[in-house]
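Below are my comments on the model, as numbered points. Please read them with the structure open.

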Amino acid sequence: MNFPFLSVITFLPILGMVIVLLLNKERTKAIQTTAVVVTGLQVLLAVVIALGFNASLPGINNEATMQFTERLPWISIPQTPWFGEIRIDYFMAIDGLSMPMVVLTALISFLAVFASFSVNKSIKGYFVMFLLLDAGMMGVFCAIDMFLFYIFWEVMLLPMYFLIGIWGGPRREYAAIKFFIYTLAGSVLLLLVMIGLYFTTVDPATGAHTFNMISMMHPAENMKEGLFATLHSTPRMLAYIALFIAFAIKVPVFPFHTWLPDAHVEAPTAISVILAGVLLKMGTYGMLRISFPIFPEFAVYFQIPLMIFGFVNIVYGALCAMAQTDFKKLIAYSSISHMGYVILGMAALNVQGMTGAVMQMFNHGTITAMLFLLVGVIYDRAHTRGLNEFGGLYNKMPLYSFFTVIAFFAAIGLPGLSGFVSEAFVFLGAFQANPFWTVLSTLGIVLGAGYMLWTFQRVFMGTLPEKWEAVMSDVSPREIFTLAPLAIIILFLGVYPSPALNMMTTSLDHLVRFVKASAPAGQAFLGGF
Amino acid sequence: MSPQTLSTLTILILFLPLASFVLLLALGKRLPRQGDTIATGILFITLALSIVVMIGTLTRAPEPAIPGFPSAPIQSTFTWIDMDATIPVLGQQVPLKIELGIMIDNLVAIMLVVVSLISALVHLFSIGYMHGDKKYSRYFAYLGIFTFSMLGIVVTNTILMMYIFWELVGLSSYLLIGFWYEKPGPAYASKKAFLVNRVGDLGMWIGIMMLFTTYGTFRFDEIFASIAAGNYPFGSSTWLTIAGMCIFCGAIGKSAQFPLHTWLPDAMEGPTPVSALIHAATMVAAGVYLVARVFPMLTGDALLFIAIIGAVTSFIAGTIAIAQNDIKKVLAYSTVSQLGYMVLALGVGAYGAGFFHLVTHAMFKACLFLGSGSVIHAMHHSLHHLHDHDTDPQDLRNMGGLRKKMPWTFATFLIATLAISGVPLFSGFLSKDEILAGAWAFGSLRGGIGLMMPYIGFGVAMMTAFYMFRLVFLMFYGDPKRPDIDAHIHESPATMRIPLIVLSVLSFWFVFSFNPFGAASGWAVKSLPTPVTVTGTHWYPFAHGDGHEAAGPASSATSHETADGGAHETAPAPPTGETITQANPAQEALAHGIHAAHLSAMITSLIVASLGILIAWGVYRRKVIDVDAFTARVRPLHVFLSKKWYFDEIYEQWVVVPFVLFTTRAMAWFDTYVIDGAVNGVASVTRFQSWLSGLFDTYIVDGLVNFSGYFVGFFGIVMRKSQTGRIQTYVVFVVLGVIMLFYVFY
């Protein structure tokens, strides 16, 4: 591959941002068009990449089988005192783990642009931030050099802060600061581990330290001495825990989740969509891309605790969701519950569970994005999200209700819709790994149906309160345009999930085998549980 | 007919109703007559094809038996998901793939006809019943997706696909119960139905996970074969029992068995034809079908659990049905009770009887529901005519004497009632008799708790006859209790009458067997041979010797099998695939027992049915006793029964309310005040500390800086006083200095 697909798809939004910056802020249409064109091109590119993607190459810890690789020396300072040679590569590549995320990011960003058309406060600034965010997200999923990864990780933080803090709801400043500081706290841990890894890893080819994540996955060859050189050592365990916390904040895993409901409730619709659709996936992606392959022995050692985290997320998130009266907060908590399935699936450490987990990342991205778009639709009309204030929307807004039925039942995990496939694989995998916690986690199946159907009853059934008679109108063409693609994907992958599964299976199977091979048998924390 | 043709036709049967759904949903009101004729037409085509498939299947030459199947079924499988990876199964690496597919055996073929027949007739009936409804088109669309899902459950050869369609049936039931969602009743009932079903499905899913983890496949035939080869979940037959019980949980939900039966009576909030289709004849039978499907893998302990659940259910529901005044509630509890009967039959090992009752029950219960629909329709129109919107059109206490105004409805309803009550010459008599003979034989073979089965069986048979005739007498006989309503009652239109007539004809004995006193010689029972269990010695532990009393003289005809069974007993070697397709001695013993118990069971069943009818006649026609006075005398019991044993109240008080009001709120409180409180606490502590640091900085650090400044400044001010600029002053200081130095050094 000579054409730098990954760089183009990552930096296209930056180009768009520059164009938007150059435009006069009065030219709303032009600004919006730029965003549409840029993200649209991104979707096209994602499709081209997916079509050119060879699903039979494992990638993960094997540099030769990574695809669309771009590798250039970026920062190179020869012979500094103490540090030796500093060498940071611009290293982008994808494999079966990141491919679905690239598609998801492009898709969700594109749809979020349309959902952003209802924003009417300093549109220019909004789209500048939006496009920067887009670039950051895409970069995270394409970067293989850890330094680069970290940069993208941080880049995406800043626009998010402003997007919530400026364009958000009444408590936007609180939510934005909470989000920012919480995530930053995680980033510090990530940074520390990253530096530690850098000084431990030596690229045999150059003899210099390296940030290359793939090199870090081969301790026998590349980690001769240093802090993290000895497998099963305490520093490596602490590093694994630190990384776990860094990523757990993003997922978010209980008890690090409370920034999420606040951020969701305050963020404008499109940003909620991105937050739930893409941002949360970075946490689990980070675990699979960094924690698991770089510290495989602790991925195995902490398997059961990770499962318990998954279980707690599923059940706790569902219980909290049931108690909410704010539609958006309910979806936010349901997100926590659904991300619990991802954790449960990856903790299973087998190919079924892992595939289920990554598929669930994708499906949750589409389903929850749809749910937030749906909440946005009634919020735009009624300016409230109180579940108890509505009723009877089914008759008033039939098409809207139709989309809601699809999204709700997909979230419940109804067969025929994509959520079922991933949940089923997660459960099948997790059951093989540990029946006890899996059986407890299946409670989520009932609880999920409980809060969703209760919501449906309160909002859509019954009769419409008098006050909404005039304001509630069915979905507009623009809204249909954002909802329909997601509905189609949800239906398609529910009936025929193979295109998504085939993309990832080889890599994930490889990941599982590689992780398991690195652990001595029978050593596990809480193993008897 | 060639297997290919049968498979193709079956696939066509499966997808035709889906086509109806998609068509009506997409085009809906733009279709002529809003698409009702199209949907109904499609369903009648489906029915015709189903009949063809049934005949084709039943007339096929039997294939060699495979584990779990008396005759190897036609299967057509495709790989839905192929993961290009392997998983460890039973110590080997097997490819991870998920197959879905269809299977045709006698069970499937008969069930196909039952489902498509009832569905087609309900479509036809609905044309009249739902006439003028605002969502007319959507109603037919929902019927289409329901039929598709139900057929999917029937034709599948993998348990995963069954679960998939199982859930889809849940969805379509949700949509149809909540069809009139504007009203709070249906809105609540639809949610309740889905959630209660989900609780059962949870168990089923756990069972499926257990099976897949153990066998690495979802296919019934492969699972059965592996069990037959002696592979059990976690290596123990106890876990096989638990897996069977877990899967049965799905049936507890869908077939409304105790303790999850409470959703079904509430589901009567849906349109009445829907009740006939879904909540009487087909969907609720799915649970029974599931048990029949997995019957070969159920161990004796699992079957005993199933039998007990069935017995308890049929008893509880039977007693409740006596005290209800809403026609549909009576029929709903009657359905629950009859489903319990079928489950009981399967549980005691009377496989053919249980499934046969499913088939006969589908006909007469659909007829009863549609008949009640016809009455409710007439009542509703009359009340509408009177501008009376408060009177309940379903309340028995407002009816009476309807037989004159609605002769067709009356005649068909009566035939169906005779059938369900177990009167000879009707189908219900045949199937009920089979079940009772099974329960009788089981009771005498098993002893102990097994004795509960025949007692409950006959008790319920009497209750059924009683409450059904109570219904008939109160609805159709006597004088109208509300003459004003009666004045405007009319017989229903032809589209509603035809299904009633068809179903009532199908409730006669000759449909299933030419011998009105024994179904065993009829085609239905003959084509449903009991599959040999693959659990081998883990089935019920009775053998010929134990069942001697029941088996009696009939055993001489089957001495060959006896010898075979004897060999098994003496050498209980681990069963292998080879031996497992041969007869299981315990099952043989039961078969003999059933055969022997047949006559006595039939006579007893006749007696109890006549007693039930007689009592109803005496009480409600001859008025031998004053019903109201009697009810008043046994008031606590009557209240207990009419309140449905307080199940709803108990669940509400002890499960739903504490859960929703307490657990979820406690969690939300915990989340807001403890978890988030901790986060905000950290923020506050940090801010407090920064405030302290700020103070420290301002007053201590900066204070010191300023202090040094002030200090210097102060001395500056003080010293400045000395810098007067006058020579005289300096000279004085110099002199004083010299004097001081002088004193210091000397």
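1. Which residues does B:V288 touch, not counting residues up to four places away in sequence? They are B:A251, B:S255, B:L339, B:M342, B:V343, B:L346, B:G354 and B:L358. Two residues are in contact if their C-beta atoms, placed from the backbone, lie within 7 Å.

2. On conventions: this is a predicted model, in which local features need pLDDT of at least 70 and side-chain atom pairs count only at pLDDT 80 or more, while totals for chains, interfaces and linings use all residues. Residues are numbered from 1 along each chain as its sequence is written, and chains are lettered from A and ligands numbered from 1 in the order in which they are written.

3. B:V288 is also among the residues with the most contacts inside the largest nonpolar core, along with A:V102, B:L112, B:V291 and B:A366. That core has 459 residues. A nonpolar core here is a set of buried Ala, Val, Leu, Ile, Met, Phe, Trp, Tyr and Cys residues joined through C-beta atoms within 7 Å.

4. Of the 746 residues of chain B, 55% count as buried (20 or more other C-beta atoms within 10 Å of the residue's own; exposed is 12 or fewer, partly exposed in between; C-beta atoms are placed from the backbone). The C-alpha trace of chain B spans about 150 × 75 × 60 Å along its principal axes.

5. Chain B contains 29 helices and two strands; these are DSSP runs numbered from the N terminus, helices being H or I of at least four residues and strands E of at least two. The axes of α5(B) and α6(B) come within 9 Å and cross at roughly 175 degrees. Axes are lines fitted to C-alpha atoms, for helices over the stretch in contact, with angles from 0 to 180 degrees between N-to-C directions. The two helices α5(B) and α6(B) are therefore roughly antiparallel (over 145 degrees; under 35 is roughly parallel, 65 to 115 roughly perpendicular and the rest oblique).

6. At the interface, 36 residues of chain B are in contact with 40 residues of chain A. On the chain B side, α6(B) gives the largest share, 13 residues.

7. In chain A, A:I144 sits in the loop between α4 (123-142) and α5 (146-155). A:I144 counts as buried because it has 27 C-beta neighbours inside 10 Å. Leaving aside neighbours within four places in sequence, A:I144 is in contact with residues including A:M66, A:F91 and A:N212.
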